[in-house]
Amino acid sequence: MGEHSHIAARRSQSLSMWLAATCLGLVLGSGDGAAADIEVLEPEPSAPAAPADQSPSTRGKRTSPEIASTPSDRAPAAAEAPAVPTTPAAPATVVGAMPATVTATGSDVEALAMLRERIVASVASGQKQTSTSAMNLGEVEVLSADADKIVVASSSGEGQRVEMPLTWKVTKPRELVELARGLLKKQDVDGHLAIAELALRLGVGGDMDDALERLEFAAPEATPRIAAVRDRIAAQAPKPEKKEAPAPVAKPKAPVAKARINHAGRQLPPLPAFNKPILFNTPEADAIVSAMQIFPVTNAWNEDITKRPVHPDSAKIVTAIGEKKIFLVEYGINFVLVPPKQPMIDVAINLTSESDKGPFPFPDNAPIQGWPEFWNPKHESNEVLQKVGEGDRHVILVDPFNNLLYEFFYARLTAKGWTASNMAKWDLTSNKLRPLEWTAADAAGCPMFAGVIRYDEFERGVIEHAMRMTVGKTRPEYIYPATHKAGLSKDPNSPAMGQRFRLKAGYDISKLSKPAKVVATAMKTYGMIVADNGSDWAIVCTPDARIDTNAMRELRAITGGDLEVILTTGENEGPRAQGPAR
């Protein structure tokens, strides 16, 4: 081989090795955390191999979530190679000059996902990525890329065009799919379907079933595309091995999503898809909230208290409120369900020091507390009540897809937009409380939505949570799960915010109508939590005309003397003693 031919071979060898390292570094330089360990397995080249000290490092540094101009950490000195002829050669294509198999384990699977997806995406969008190497090879430009190969060109003067096939070997494909899904937004239909394709290629398509179900809920318009991917996943499901003796072969079935069982042991149906705000007093809302797990199964509002001991001062606390006062059912707290793509708007909050920051998914039809059936003697429209009227003016927004709850106190629509005194945002998958001493839409700092009685619960015949209760006077203290005190009573026997009551086990509920019995049973099983100052011994239903108010009046036969105070569990006690929220 002539001197110049030998130089060209070494240049081609160096360029190809640099690409195997720098293209990796180009993408592995993204993200945060420790550097990734990538092993590049190189076959024997046809040209003489470069000296061992010229093998480039493939250990990239993660610095940015986007593809950036990132030099490799180590590179051979350019002085060892003779000068390249000054006359540029015509562009040439070298196919398979340096095939590379990249083996990754652990957290490096994230880098592999990035290497494929980010370079392919940037080239597809017309953004040609470039990088400069310390090997003096000049500027290298990515011309095209797909899942199997990357085509680059060097402007070093050689005019070489190298097409380098890349084969990916992932030792933890399921982890790769999970991490790749984590990089996408929940509503990114194309992105999630691309990850499903990747899962299919890696033979773990069945792991995408739950994600596809949630995607179909978020983007109903993508249902045909999702169905096509599901068919391919079903086709990929393992088939029974054929035995020597002829036997019927079962047809492959699509993976079945794991059943969702709530804290009461009820199997939750799939969340229905919807793409517009839905008001609380509709069959559509009933179907959606019936399918929700509202706060974790270990949450205080979902805790069965039938076996909790009676508080030693129970009789004194009941007497302080009124043992002969009747039990009340009030109405007024409503809500609206917002779709996953509900536009976000700003709301002017007065008490910013104890409120969460916006923007918020506020729909035009957000109902003000009391609309439409109660506290509205003039039967004014919701549009009117959004702007006028007094009272607490609560507004509750529920986002089932993203498992978020937004509650506002004293909300009003003005000429400049929505305003509110304060607001609280809740993660429905977490037991996390408000910061201590922070209020919420309710004075105790508790979520209102968790304790309101809804029509779907009467229809189902069971209430599966504690009920929000008010009393006239509270002492200036709070106990779990409350975070805020609001009362001024100097009577040490007045209840604290968060105090929990239940209907005594021996109280006979057999003669109550079915709707009244549903409430009385929940009073024994889950009890009532003091959440605000108001009427004594009062719980609350949504202002839904479908609720049988005559049946609710039957509960007035219950008096304070039929109730008792229990010793509540703390933040890490009871069902929460088992560990993190689940």
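Here is a friendly set of questions and answers about the predicted model shown above.

Q: What makes a residue count here, and how are residues numbered?
A: Because this is a predicted model, local features need pLDDT of at least 70 and side-chain atom pairs count only at pLDDT 80 or more, while totals for chains, interfaces and linings use all residues. Residues are numbered from 1 along each chain as its sequence is written, and side-chain values use heavy atoms, with hydrogens and water left out.

Q: How many helices and strands are there in the protein?
A: There are 12 helices and 23 strands. Helices (H or I, at least four residues) and strands (E, at least two) are DSSP runs, numbered from the N terminus.

Q: Why is Glu197 called partly exposed?
A: Buried means under 20% relative accessible area, exposed means over 50%, and partly exposed is in between (1.4 Å probe, protein chains only). Glu197 has 27% relative accessibility, so Glu197 counts as partly exposed. This residue lies in helix 4 (residues 189-201).

Q: What is Glu197 in contact with, leaving aside its neighbours within four places in sequence?
A: Contact means heavy atoms within 4.5 Å. On that rule, Glu197 is in contact with Val229 and Arg232. Glu197 and Arg232 are 35 residues apart along the chain, and their C-alpha atoms are separated by 9.3 Å.

Q: Why is Phe295 called buried?
A: Phe295 has a relative accessibility of 2%, so Phe295 counts as buried. Phe295 is found in the loop between helix 7 (283-290) and helix 8. Its phi is near 70 degrees, a positive value in a residue other than glycine.

Q: How do you know that Arg393 is buried?
A: The relative accessible area of Arg393 is 2%, and therefore Arg393 is buried. Arg393 also has a positive phi, of about 50 degrees, although it is not a glycine. For background, most residues other than glycine have a negative phi, and most peptide bonds are trans.

Q: Which residues have the most contacts inside the largest nonpolar core?
A: A nonpolar core is a set of buried Ala, Val, Leu, Ile, Met, Phe, Trp, Tyr and Cys residues joined through side-chain atoms within 4.5 Å. The largest one has 88 residues, and those with the most contacts inside it are Phe408, Phe501, Val519, Met552 and Leu555. Helix 11 (residues 514-525) gives the most to this core, with six residues. A second, separate core of nine residues includes Leu193, Ile226, Val229 and Ile233.

Q: Why are the buried residues of helix 8 said to be on the same side?
A: The buried residues of helix 8 (residues 314-321) are Ser314, Ile317, Val318 and Ile321. They cover an arc of only 100 degrees around the axis, so they are on the same side of helix 8. The arc is that of the directions from the helix axis to the C-beta atoms. What covers these residues includes strand 19 (467-471), strand 20 (500-503) and strand 23 (563-565).

Q: What makes both faces of strand 20 count as covered?
A: Arg500 and Arg502 on one side are buried, and Phe501 and Leu503 on the other are buried too. In a regular strand the side chains alternate between the two faces of the sheet.

Q: How do you know that strand 20 and strand 21 pair?
A: Two strands pair if DSSP finds at least two bridges between them. Strand 20 and strand 21 (residues 528-533) have two bridges and run in the antiparallel sense. Arg500 has Ile529 of strand 21 as its bridge partner. Strand 20 is also joined to strand 23, antiparallel, by three bridges, and there the bridge partner of Arg502 is Glu564.

Q: Why is the pair of Phe501 and Trp537 called edge-to-face?
A: Rings of Phe, Tyr and Trp (its six-membered ring) pair if their centres lie within 6.5 Å; planes under 30 degrees apart count as stacked, over 60 as edge-to-face and the rest as tilted. By this rule the count comes to nine aromatic pairs. The rings of Phe501 and Trp537 have centres 5.4 Å apart and planes at 85 degrees, so this pair is edge-to-face. The pair links distant parts of the chain, with the two residues 36 residues apart. Both Phe501 and Trp537 are buried.
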